[in-house]
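Group the points by topic.

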Amino acid sequence: MGFLLRVLFLSLFLALFAHRTKAKDLDSSFGNATNIRPRELASGRCNWFRGKWVYDASYPLYNPYSCPFIDRQFNCQKHGRPDTQYQKYRWQPFSCPLPRFNALNFLEKYRGKKIMFVGDSLSLNQFNSLACMIHSWVPNSRTSTGQKGVLSSVTFEDYGLSLFLYRTPYLVDLDREKEGRVLKLDSIKSGDAWRGMDVLVFNTWHWWTHTGSAQPFDYIQDRHKLYKDMNRMIAFYKGLTTWARWVNLNVNPSQTKVFFLGISPVHYEGRYWNEPTRSCMEEKQPFFGLEYPEGTPMAWVVVNKVLGRVKKPVYFLDVTTLSQYRKDAHPEAYSGVMLADCSHWCLPGLPDTWNVLLHATLFA
């Protein structure tokens, strides 16, 4: 019931918002509502996103000490996390098996191809993870890395497969103007760097919640008007609508597969899983109940609504619920080396499952 109430509330909220901002303008990129195509789950006919976490002694999928591609903040074992059980859980869907990751098949199918992750530090998490998952199968393969500004890369030279990361926390533009730093809800100039990819995996949400000194902008711009601030859920909806317009105008489905990673949850407060005195720093096991107490995030509803209106195929990696269960899988404060972090994920860890789902969809 809680989820249905959230959906109803947001639908009414967005309907009122669209009325006040001329709904015909919002829908101009998507066509008439009667022609809206339902979003495409990455799992296709089988729902890979409903299931449970099970202990698997064969996990993790790679050794954190031998993978050279893990960002410092995600390498929990190397920086003192004493327990390893969080690495031993495998996602098991209720209705069907989830194919195991096979990097040799992956490398052969995507020989000479380009895969790009576009988004914030959760995209970095997933980018690092996939590089490690592939490396563990071909540890002696020649690799090269690169970094220039917001663009990073790992190339498996013997196969010509390149993985890219394009860091852009909002997907829409964040520019420095004479007024200050401006978040532009209706502009994506950086999209030129996303062209020519064989696979694009997008992600955004966490930075939309940052306020005060933690937010990297001074103003929000929408339709040539500057605002000191606005309701962040409305801003998120507008920004995603601009991203959807970019996909409609710039993606050729015969050349590029597009994915959107679902909302990655945080576990700073134990009330989310009915233990109000705790946080992720004390958790050593996943949540094993069937219904996560916090319910579905409102941001998920926004993503679902926007994806349902994109004309081009966009595959939804709906990882929100399975990630909510993983309250145990975050970096913590170890020996003063790392800060407590209940929003990113240890590697090996949860992002490996995101990539198992990506791999399964690409081979479906």
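How many disulfides does the count come to? The count comes to four disulfides, where a disulfide is a pair of cysteine sulfur atoms within 2.5 Å. This is a predicted model, in which local features need pLDDT of at least 70 and side-chain atom pairs count only at pLDDT 80 or more, while totals for chains, interfaces and linings use all residues. Residues are numbered from 1 along each chain as its sequence is written, and side-chain values use heavy atoms, with hydrogens and water left out.

**Disulfides**

- A disulfide is a covalent bond between the sulfur atoms of two cysteines.
- With bonded cysteines counted along the chain, the disulfides of the protein chain follow the pattern 1-4, 2-5, 3-8, 6-7.
- One of the disulfides joins C67 to C132, with an S to S distance of 2.0 Å. The torsion about the S-S bond of C67 and C132 is about -90°, so this disulfide is left-handed.
- C67 lies in the loop between β2 (51-55) and β3 (89-93), and C132 lies in helix α4 (residues 121-135), so the pair ties together parts that are 65 residues apart in sequence. Helices (H or I, at least four residues) and strands (E, at least two) are DSSP runs, numbered from the N terminus.
- C67 is buried, with a relative accessible area of 8%, and C132 counts as buried at 1%. Buried means under 20% relative accessible area, exposed over 50%, and partly exposed in between (1.4 Å probe, protein chains only).
- Another disulfide joins C76 to C346, S to S 2.1 Å. The torsion about the S-S bond of C76 and C346 is about -90°, so the disulfide is left-handed.
- C76 lies in the loop between β2 and β3 and C346 in the loop between α7 (320-324) and α8 (350-362), so this pair ties together parts that are 270 residues apart in sequence. Both C76 and C346 are buried.
- C280 and C342 also form a disulfide, with their sulfur atoms 2.0 Å apart. The torsion about the S-S bond of C280 and C342 is about -80°, so the disulfide is left-handed.
- C280 lies in the loop between β13 (257-261) and α6 (298-307) and C342 in the loop between α7 and α8, so the pair ties together parts that are 62 residues apart in sequence. C280 is buried at 1% relative accessible area, and C342 is buried at 2%.

**Sheet**

- Four strands form an open sheet with mixed pairing, in the order β8-β9-β11-β12. Two strands pair if DSSP finds at least two bridges between them.
- The edge strands, β8 (173-177) and β12 (225-227), each pair on one side only.
- Strand β9 (residues 180-184) runs parallel to strand β11 (residues 219-222), and three bridges join them. L183 has I220 in β11 as its bridge partner.

**Nonpolar cores**

- In soluble globular proteins, nonpolar side chains tend to be buried together.
- The largest nonpolar core has 57 residues, and those with the most contacts inside it are I134, L163 and L322. A nonpolar core is a set of buried Ala, Val, Leu, Ile, Met, Phe, Trp, Tyr and Cys residues joined through side-chain atoms within 4.5 Å.
- Helix α4 gives the most to this core, with eight residues.
- Leaving aside neighbours within four places in sequence, I134 is in contact (heavy atoms within 4.5 Å) with F101, A103, F106, L107, F156, L161 and L163.
- Another core of 44 residues lies apart from the largest one, and I234, A244, W246 and V247 are among them.
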